[in-house]
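Let's take a friendly walk through the contacts in this model. Here are the sequence and the structure to follow along.

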Amino acid sequence: MQKVRPKKNLGQHFLTDLNIAKRIADTVDACPDLPILEIGPGMGVLTQFLVTKGREVKAVEIDSESVAYLHENFPALRDNVIGEDFLRMDLGRLFDGRRFVLTGNYPYDISSQ
């Protein structure tokens with residue numbers, strides 16, 4: 001599968017700097033016992049570092065093209081890629097009501113919400 005193109009209507013901007021992605025991913029280490037929820041994984045630049053943390057990772061992605069890309073490139077995460085709108089989700093159901101760490105390279109259009 002080819003790379004996913006960012007869609008302006010979704011406010012997408014894909015992180016490409018691996019050093020920054022790793023630094024963002026390492027911030028979840030402040031809460032080492034909690035599962036991780038990534039918002040807007042796009043093509044998984046941040047995701048690739050989160051899945052090495054040894055805990056449950058879920059990713060919410062509204063873009064169906066990105067969801068397909070993630071399924072193909074992160075098969076171990078396949079059941080934990082959620083193709084929904086984060087702003088409309090019931091977050092309590094994601095980890096059976098448990099607390100979790102929220103991270104991501106947030107899309108422009110949800111950063112103020």
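## Salt bridges

The count comes to 8 salt bridges, each being a side-chain nitrogen of Lys or Arg within 4 Å of a carboxyl oxygen of Asp or Glu. This is a predicted model, in which local features need pLDDT of at least 70 and side-chain atom pairs count only at pLDDT 80 or more, while totals for chains, interfaces and linings use all residues. Residues are numbered from 1 along each chain as its sequence is written, and side-chain values use heavy atoms, with hydrogens and water left out.

Asp 26 forms a salt bridge with Lys 53, with the closest N and O atoms 2.7 Å apart. This pair links distant parts of the chain, 27 residues apart: Asp 26 lies in helix α1 and Lys 53 in the loop between α2 (47-50) and β2 (57-60). Helices (H or I, at least four residues) and strands (E, at least two) are DSSP runs, numbered from the N terminus.

Lys 53 also meets Asp 29 in a salt bridge (3.1 Å, N to O). Salt bridges that share partners join Lys 22, Asp 26, Asp 29, Lys 53 and Arg 55 into one network.

## Around Phe 95

The structure holds 1 aromatic pair, where pairing needs ring centres within 6.5 Å, and planes under 30 degrees apart count as stacked, over 60 as edge-to-face and the rest as tilted. The rings of Phe 95 and Phe 100 have centres 5.3 Å apart and planes at 40°, so the pair is tilted.

Methods:
Rings of Phe, Tyr and Trp (its six-membered ring) pair if their centres lie within 6.5 Å; planes under 30 degrees apart count as stacked, over 60 as edge-to-face and the rest as tilted.
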